[in-house]
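Please open the structure in your viewer and keep the selection tool at hand.

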Amino acid sequence: MMAEAPLLEADRVSVSFGRIAAVREASFRLWPGEVLAIVGESGSGKTTLLRALHGEITPDDGRVLYRTAAGETVDLHRLSEPRRRALARTEWGFVHQNPRDGLRMAVSAGGNVGERLMAAGARHWGRIRAEAEGWLARVEIDGGRIDDPPRTFSGGMQQRLQIARVLVTEPRLVLMDEPTGGLDVSVQARLLDLIRSLVGELGIAAIIVTHDLAVARLLADRMLVMQRGEVVESGLTDQVLDDPQHPYSQLLVSSVLQA
Amino acid sequence: MTPATTPDAAYNEGYLDEQTKRMIRRALLKAVAIPGYQVPFASREMPLAYGWGTGGMQVTAAVLGQGDVLKVIDQGADDTTNAVSIRRFFTRVSGVRTTERTAEATVIQTRHRIPEEPLRAHQIIVYQVPQPEPLRKLEPRETESRRMHALADYGLMHVKLYEDIARHGRITLSYDYPVLVGGRYIMAPSPIPSFDNPKMDNSPALQLFGAGREKRIYAIPPHTSVRSLDFEDHPFHPWRATSCCDLCGAEDSYLDEVVIDDRGGRMFVCSDTDWCGQRRDAGHRGRLAGHALARKETA
């Protein structure tokens, strides 16, 4: 069942770096609880688009509309910075490709998970701790490691910790930039499984940027295919992957080795 | 109280030139108007090294007038090198009256302590600050920490306290304990013991902070709320040695531990020398009163 208004709407978003047009007139809608994959090769503008959606870079043209939990529709790039930051730490989450960008490496796992709670105003140590313990269990990290800093964790554990840190405030929208990049296939599979079950359980809407079509196939309801800054094809994941229409999508699908 | 003297004619009054003093006063006015906010200022070279109180001295030089009485303390004591040399400096360059009595002073420059005797209205206390940015060790980027102050985005500060409790079972921070000033800005109180934090809250005196190397001035106007950060289930607890002063017997003052021989002997004494001396003059006696070490020096 779909709610009547989209959660996030990108309306002809364009971003250029000097003479290079990184994203050209990208438009799409994301509905509550939906998972959208953005695929494309390196340099196709998918990460730039994601950063524009997150408000980190201001698009040269177009706008990004977001419907808040209060039911108000706001233009992300016109919001005041305090407002945008408040949204970013309560209603959204961002999962970085490299967990080092998303975690505080010198702070314990528990502190990492608790940071967003404390930023949102939690001031009861025992409850913050209990919440962190619960989330470590949900992302399959041994509770005995709660006071260890993430630099002592493996790559897969760091990535799972980053996900726990983002999901602890139960955001409505999570943006993920290559969440499985740099992990070996078996760890990738477990991580994907975890993301799929958590996103399903919490009913979170997610946008996942990836160059890995298997990730899109497993997680996404719909996908966008980007090439040279433009969205060349969009549709239901199975539809795009099984019956690609655009020559570039066809090339992308046929480049994957069939195991 | 030492009488006023004629300042050394080779220097402008208060060492700094008039334009510099005006610049510092403008920064001070802004700091008072925005309690706890760090105001950048064009810190000058002073005739002593950074880290010895150059920030505090510049603030003192800017507020000192001819009617003022100056007291300088270092770790609570009036007779340590830093305190003596700064006091002598101001006697020489401004001819100001000086005192060791908290009650007589109108301007008190301090390093690491707030006097035990409660401050009154119309007194000014000037703190020497080595690191004005409470977020420095948590967030290395200056641009980001300024933005965090601007947006009151202070979750990170509590992460630090969370870590302390996770590791040690309690907040072990015992000095430079971060405070929330006027319900808005998180501020480093300079390395005073957390024992002194409650004295800053709602104080009738004007509190000024100067960081010379970091080029920042900030202030707490009189009667401003100053709350030490904590958790609901781990409330702020000012730290103090569980003993009493061996000279004057005070049970509620901040104590220094002093090793007195090579056989494990030690004594606790009030770190505030003026407070301790006044109590002894009033007849209070501690465990080691009368001991050779406890004889009161005559100035």
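This is a predicted model: local features need pLDDT of at least 70, side-chain atom pairs count only at pLDDT 80 or more; totals for chains, interfaces and linings use all residues.

Residues are numbered from 1 along each chain as its sequence is written, chains are lettered from A and ligands numbered from 1 in the order in which they are written, and side-chain values use heavy atoms, with hydrogens and water left out.

**Where chain B meets chain A**

Begin by colouring the two chains separately, and look at the place where 21 residues of chain B are in contact with 22 residues of chain A (contact means heavy atoms within 4.5 Å). The size of an interface is often given as the accessible area lost when the parts come together. Here chain B and chain A bury about 1800 Å² between them, with 56% of it on carbon and sulfur atoms; this buried area is taken with a 1.4 Å probe and summed over both parts.

Next, select A:Arg127 and B:Glu232, which form a salt bridge whose closest N and O atoms are 3.6 Å apart. The term stands for a side-chain nitrogen of Lys or Arg within 4 Å of a carboxyl oxygen of Asp or Glu, and five salt bridges are counted between chain B and chain A. Which helices of chain B each supply at least two residues of the side that touches chain A? They are helix 4 (142-150) and helix 5 (155-168), and helix 5 of chain B gives the largest share, nine residues. Helices here are DSSP runs of H or I with at least four residues, strands are runs of E with at least two, and both are numbered from the N terminus.

Now move to B:Asp246, in the loop between strand 10 (226-228) and strand 11 (255-259) of chain B. Is B:Asp246 buried or exposed? It is buried, because its relative accessible area is 3%, and buried means under 20%, exposed over 50% and partly exposed in between, with a 1.4 Å probe and protein chains only.

**Cysteines without a disulfide**

Select the cysteines next, although a search of the whole structure finds zero disulfides over all chains (a disulfide is a pair of cysteine sulfur atoms within 2.5 Å). B:Cys248 is in no disulfide, and the nearest cysteine sulfur, that of B:Cys270, is 3.6 Å away.

**Two helices to finish**

In chain B, select B:Ile24, which lies in helix 1 (residues 18-33) and counts as buried at 0% relative accessibility. Residues touched by B:Ile24 include B:Phe41, B:Val59 and B:Ile217.

Finally, turn to helix 1 (residues 46-53) of chain A, which is mostly covered, since six of its eight residues are buried. Among them are A:Leu49, A:Leu50 and A:Leu53, and just after this helix A:Gly55 takes a positive phi of about 85°.

How values were computed
Buried area is the accessible area (1.4 Å probe) that two parts lose on being put together, summed over both. Lists of a residue's contacts leave out its neighbours within four places in sequence.
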